[in-house]
Amino acid sequence: MPKWNFINGLTKEAIRSVNPLWASAIKASLKSKATPLQSNYHVNTGAVTRNGKIVLGSNHEMAITDTITHGEEAVIAAALEKYGKDDPIQVIAFAGAEGEEIGSPCGNCRDAIRQYADLDNLVIINAPTAGGTAVVVPGNAYFKNDFAEANAEEKAWLLESDALAQALKAEKTAYDVYLAKSSPKIYGAAIACDNGLVFRGSYRGDVAYHPELPISAAIGNFRDGSDDACRKSVKMIVVASAGSMPDVMYKDRQHALEFAEAIQSLNNKSGIPLPVYLANGRQVFKTDTNEWLPFRFSPKHLGLEKAIAGGYEKLFS
Ligand SMILES: [Zn+2]
């Protein structure tokens, strides 16, 4: 059986007080049966609950590059079915390739993790299948919701901007027939271009629980709502919610990241994130498409920057 030593992914230091359940999670992951029919990218995952119960799961693909589950969703669902919501997951481990890489859940999986895992005590481990150095990162490090306020000048023009007005309009026009009292508050989004064009995006829920989120909707509007080639020069993303600061889903942040990486690559600004302004109509906070998705699951990191840029380039030719 392979053996692992553990390092802290944030400090790169060796961890001396190793929890024996970490290796149990990795060993469980080795038994999972991923079906990455299209990507051939196996996400073999194991997890341990607060009470020490071990579950396993993996990614299962379907339709047009869609999934039934990612590995993280699979272990969360397995633990919920077997042990219930009062025994949440504290360890998620992936077994994969060599190299001391930090594990990187996608945005959607982060939404699942923050809903159901014991986030304050969670660790996410990325381990080589054959044994060796496994990288451990506290679960909280993957989430960011405290942002710097925009400076006075930025705040002044943002509050008067068409982009903010459009984002607030998108909040109002959300298709939200199925929202429950426990649902997070709706927000609206807008993509603003240097030439003044604005593409708003509103939430579109559905009764089958497969919503389109606001930033994703704005990206669709940007792609298909104009043939103006000048819109390629994107200035910013604005997210707004009247009354309270928008709590942007990590799935939507993932869409924003992929959009930004593609469009910035086409604008010869590879690696430079797009600014993101978060506003409630009075206050304005500023972040960017990298900062608000720590240890991001990035197309660029996967070597796919050219491919995603190509997916946008055809819009402007
Ligand atoms: Zn995922």
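Author: In strand 12, the residue Met-236 is the bridge partner of Ala-192. Strands here are DSSP runs (E, at least two residues) and helices are too (H or I, at least four), numbered from the N terminus.

Reader: Where do the numbers come from?

Author: This is a predicted model, in which local features need pLDDT of at least 70 and side-chain atom pairs count only at pLDDT 80 or more, while totals for chains, interfaces and linings use all residues. Residues are numbered from 1 along each chain as its sequence is written, and side-chain values use heavy atoms, with hydrogens and water left out.

Reader: OK. In which sense do strand 10 and strand 12 pair?

Author: Antiparallel, over six bridges, with strand 10 at residues 188-193 and strand 12 at residues 234-240. Two strands pair if DSSP finds at least two bridges between them.

Reader: What packs on the sheet?

Author: Helix 6 does, touching strand 10, strand 11 and strand 12. A contact means heavy atoms within 4.5 Å.

Reader: How do helix 6 and helix 7 pack?

Author: At an angle of about 35 degrees, with their axes 7 Å apart. The axes are lines fitted to C-alpha atoms, for helices over the stretch in contact, and angles run from 0 to 180 degrees between N-to-C directions. Among the residues making the contact are Ser-216 and Phe-222 of helix 6 and Asp-252, His-255 and Phe-259 of helix 7.

Reader: Ser-216, buried or exposed?

Author: Buried, because its relative accessible area is 15%. Buried means under 20%, exposed over 50%, and partly exposed in between, with a 1.4 Å probe and protein chains only. Ser-216 touches Asp-252 and His-255, leaving aside residues up to four places away in sequence.

Reader: And Phe-259, what does it touch?

Author: Its contacts include Ile-219, Phe-222 and Tyr-312, again not counting residues up to four places away in sequence.

Reader: New topic. What coordinates the zinc ion?

Author: His-70 (ND1), Cys-106 (SG) and Cys-109 (SG), at 2.0 to 2.3 Å. Donors are N, O and S atoms within 2.8 Å of the metal (3.2 Å for Na, K and Ca), and water is not among the atoms, so sites may look incomplete.

Reader: Which parts do His-70 and Cys-106 tie together?

Author: His-70 lies in the loop between strand 5 (66-69) and helix 2 (71-83), and Cys-106 in the loop between strand 6 (89-96) and helix 3 (107-116), so the pair joins parts 36 residues apart in sequence. His-70 counts as partly exposed at 25% relative accessibility, whereas Cys-106 counts as buried at 10%.
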